[in-house]
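Q: I am new to this structure and would like to learn how to read it. Could you walk me through it?

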Amino acid sequence: TLEAIRAQSSGPGALADGHAVPLLANIGSVDSAREAVARGAEGVGLFRTEVLFLGAEKAPTVEEQAATYREVFAQFPGQKVVVRVLDAGADKPLAFLTDQGEENPALGRRGLRALAAHEEILRDQLTALAQAAAGSDAIVQVMAPMVSTAQEAQYFRDLAHELGIAIAGVMVEVPSCAILADHVAQHADFMSIGTNDLTQYTLAADRLLGTVATFQNPWHPSVLRLIETVGSAGAAHDVPVGICGEAAADPILAVVLVGLGATSLSMSSSAIADVRAELSMHSLDDARRLAALAVSAESAEAARAAVLGAIHP
Ligand code: PEP
Ligand code: MG
């Protein structure tokens, strides 16, 4: 039974045929880093650094940042920690980085756009990360939020390499970035799909607005087709494709995401055990068949029903 499998399930994520799917944690603090370790995460796929500075009036110094990053990295010796540089704006405003009075902050100067406009803040953060990484046994990588063009990916990787961080990727959470993933992949050491914002922007439905919440469903085939585009581009260019949005925490959808080309999954630590158990029951061929059913459906509900019907006929 599923309960029995769940009880035994631990160790690295893998499909029934042994195909490895690393299961990583989304974290935003030193405490959540500890919880990730306790729940058997194989590393961190999304470290939301802006969470550390949500109340701050002024940009944190290099020294302040490095001290916190060191504490987090110390939890993951020998493991990967993917650090997202400050993702300020819209649902995560930072006083020292976010423009006031934008009429549509979700479409405004947010994420990497805000950092590029205040490049000294980005340089300080990358410097602090490089310093903290140098003294740690974690495998530290960085990624940029809200990338919408291949040029932005190139800008970010060049800057990260200049400041001493060897592996720099992009979040794919804007449809333009997914659609042009074959170009973006050539300027990124990895891609990580943020399904929360990718869903918001694909369906043009504010993720914070309750009245349009039914649109915020990553099962929607429009979103799944974009993920498939990214998965194919990653495979063609030998660039890993992670998932770090809430979609990865839905065990059945996680199987579909692997079938679409995801090479690792990052989620709230509390979801890891259930996702691990579900993955262990499907081969890669099965996952690809289920993914094909989902992308060809007409609606989110139909996609989910088709997949569930194929698993439990
Ligand atoms: C996402 O958009 O899917 C994501 C992982 O980032 P956040 O939820 O922090 O915007
Ligand atoms: Mg996002």
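A: Let us begin with strand S3, residues 80-84, where Arg 84 lies; helices (H or I, at least four residues) and strands (E, at least two) are DSSP runs numbered from the N terminus. This is a predicted model, in which local features need pLDDT of at least 70, side-chain atom pairs count only at pLDDT 80 or more, and totals for chains, interfaces and linings use all residues. Residues are numbered from 1 along each chain as its sequence is written, while chains are lettered from A and ligands numbered from 1 in the order in which they are written.

Q: Why does Arg 84 count as buried?

A: A residue is buried if 20 or more other C-beta atoms, placed from the backbone, lie within 10 Å of its own, exposed if 12 or fewer, and partly exposed in between. Arg 84 counts as buried because it has 25 C-beta neighbours inside 10 Å.

Q: Which residues does Arg 84 touch?

A: Contact means that two C-beta atoms, placed from the backbone, lie within 7 Å. Not counting residues up to four places away in sequence, Arg 84 touches Leu 46, Phe 47, Arg 48, Thr 49, Met 143, Pro 145 and Met 171.

Q: Which residues does the UniProt "binding site" annotation cover?

A: Such annotations may be inferred rather than shown by experiment. The unreviewed UniProt entry lists Arg 48, Arg 84, Asn 196, Asp 197 and Arg 207.

Q: Which residues are around ligand 1?

A: A residue is near a molecule if its C-beta atom, placed from the backbone, lies within 6 Å of it. Around ligand 1 we find Leu 46, Arg 48, Asp 87, Glu 173, Gly 194, Thr 195, Asn 196, Asp 197, Cys 244 and Gly 245. The largest share of this shell, three residues, comes from H9. Strand S2 (43-48) and helix H9 (195-202) each supply at least two.

Q: Is Asn 196 buried or partly exposed?

A: Asn 196 lies in helix H9 and is partly exposed, with 17 other C-beta atoms within 10 Å. Leaving aside neighbours within four places in sequence, Asn 196 is in contact with Arg 207, Gly 245 and Glu 246.

Q: How many residues of H9 are buried?

A: Seven of the eight residues of H9 are buried, leaving the helix mostly covered. Those buried residues pack against strand S5 (168-172), helix H7 (175-179), strand S6 (191-193), helix H10 (221-237) and strand S7 (241-243). Just after H9, Ala 204 takes a positive phi of about 50 degrees.
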